[in-house]
Amino acid sequence: MDRPYVIASAAVSLDGYIDDVAEARLILSDDEDLDRVDDVRAWADALLVGANTIRADDPRLLVRSAERRRARVAAGRSESPAKVTLTRCGKVDPGARFFTAGDTERFVYTCDATVEDVRSKLGGVATVVGAGDPLELPRMLADLRERGVERLMVEGGGSVHTLFLAADAVDELHLVYAPFFVGQRDAPRFVNPAEFPQGPASRMQLTDSRQIGDLMFLCYRPRRSGGA
């Protein structure tokens, strides 16, 4: 495989939203589920979110558990995985926690035409890589693989999940459903309209399901996919 093994992960409402329109972030998960997510983060070589997610949520993208961090270090890995984002417009803030929290590598993939502008904005806090005009997902993933990223966790947001799923670049899809509806037309969804290869004629395979408190966890794999 000329790209990393990809796990896409999201928590959604029953009607498919990952947030609402309020300024404060909508809480969909709980502590037990966040610990499950932390375990997947500790498995990964890199964590990826879109630039919109960085602007909206300002995530730290670090392994939370001290025990998991110690285990990573004992295995010769950094305490937390590398951080990856992609941006077409180059609108990134070097003061965001994506760039300031933790001691790990950071990669920003952007269009070839905006590479120098993004490098100037970031001032060396991340490695900036051109990935085509427009940005090409296969080229970005191949570059990550060449840099030693064998396991990639994709944490959103909706545009990024849409991009990966529509490109058939997801090996496992982890979804957690919260037991409520959002019902707001302008709220962000888990995915946007697209032509998905995982359609009615190519149903995904449910490989795991379990209750976590009042949440429901589901793991799907494309039928073409092998094991982890």
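In the predicted model, leucine 165 is buried, with a relative accessible area of 5%, a value that falls under the 20% limit for that class. This residue is found in helix H7, which spans residues 158-166. Not counting residues up to four places away in sequence, the contacts of leucine 165 are with Val170, Phe190, Val191, Phe196, Pro197 and Gln198. Leucine 165 and isoleucine 7 are 158 residues apart in sequence, yet the C-alpha to C-alpha separation is 11 Å in space.

Leucine 165 also takes part in the lining of the second largest pocket, together with Leu173, Leu175, Tyr177, Phe190, Val191, Phe196, Gln198, Met204 and Tyr220. The volume of this pocket is about 230 Å³, and its lining divides into nine nonpolar residues, one polar residue and no charged residue. Strand E7 (residues 172-177) gives the most to this lining, with three residues.

Strand E7 belongs to an open sheet of nine strands with mixed pairing, in which the order is E5-E4-E3-E2-E6-E1-E7-E9-E8. Strand E5 (127-130) and strand E8 (205-212) stand at the edges, and each has a single partner strand, so one side of each is left without a neighbour in the sheet. From one strand to the next, the twist averages 20°. Within this sheet, strand E2 (residues 46-50) and strand E6 (residues 151-154) pair in the parallel sense over three bridges, and alanine 46 has leucine 152 in E6 as its bridge partner. Helix H1 (residues 31-43) packs on the sheet, where it touches strand E1 (5-12), E2, E6, E7, E8 and strand E9 (215-221), and its direction makes about 145° with that of E6. Helix H5 (residues 115-122) likewise packs on the sheet, touching strand E4 (106-110) and E5, with a direction that makes about 170° with that of E5.

The peptide bond from aspartate 133 to proline 134 is cis, with omega near 0°, and proline 134 lies in the loop between E5 and helix H6 (137-146). A cis peptide bond also joins glycine 156 and glycine 157, with omega about 5°, and glycine 157 has its place in the loop between E6 and H7.

Positive phi values occur at aspartate 58, where phi is near 50°, and at aspartate 168, where phi is about 55°. Aspartate 58 is found in the loop between helix H2 (51-57) and helix H3 (66-74) and is partly exposed at 28% relative accessibility. Aspartate 168, which lies in the loop between H7 and E7, counts as partly exposed at 29%.

Technical notes:
Residues numbered from 1 in each chain as written. Predicted model: local features only at pLDDT ≥ 70, side-chain atom pairs only at ≥ 80, totals over all residues. Heavy atoms only, no water. 1 Å grid on protein atoms, 1.4 Å probe; cavity = no way out; pocket = protein on both sides within 12 Å on 5 of 7 lines; lining within 4 Å. Points joined across faces, edges and corners; volume = space filled by probe spheres on them. Helix = DSSP H or I, 4+ residues; strand = E, 2+ residues; numbered from the N terminus. Nonpolar A, V, L, I, M, F, W, Y, C, P; charged D, E, K, R; others polar. Buried < 20%, exposed > 50% of the residue type's maximum accessible area, 1.4 Å probe, protein only. Contact = heavy atoms within 4.5 Å. Pairing = 2+ DSSP bridges. Axes fitted to C-alpha atoms, helices over the stretch in contact; angles between N-to-C directions.
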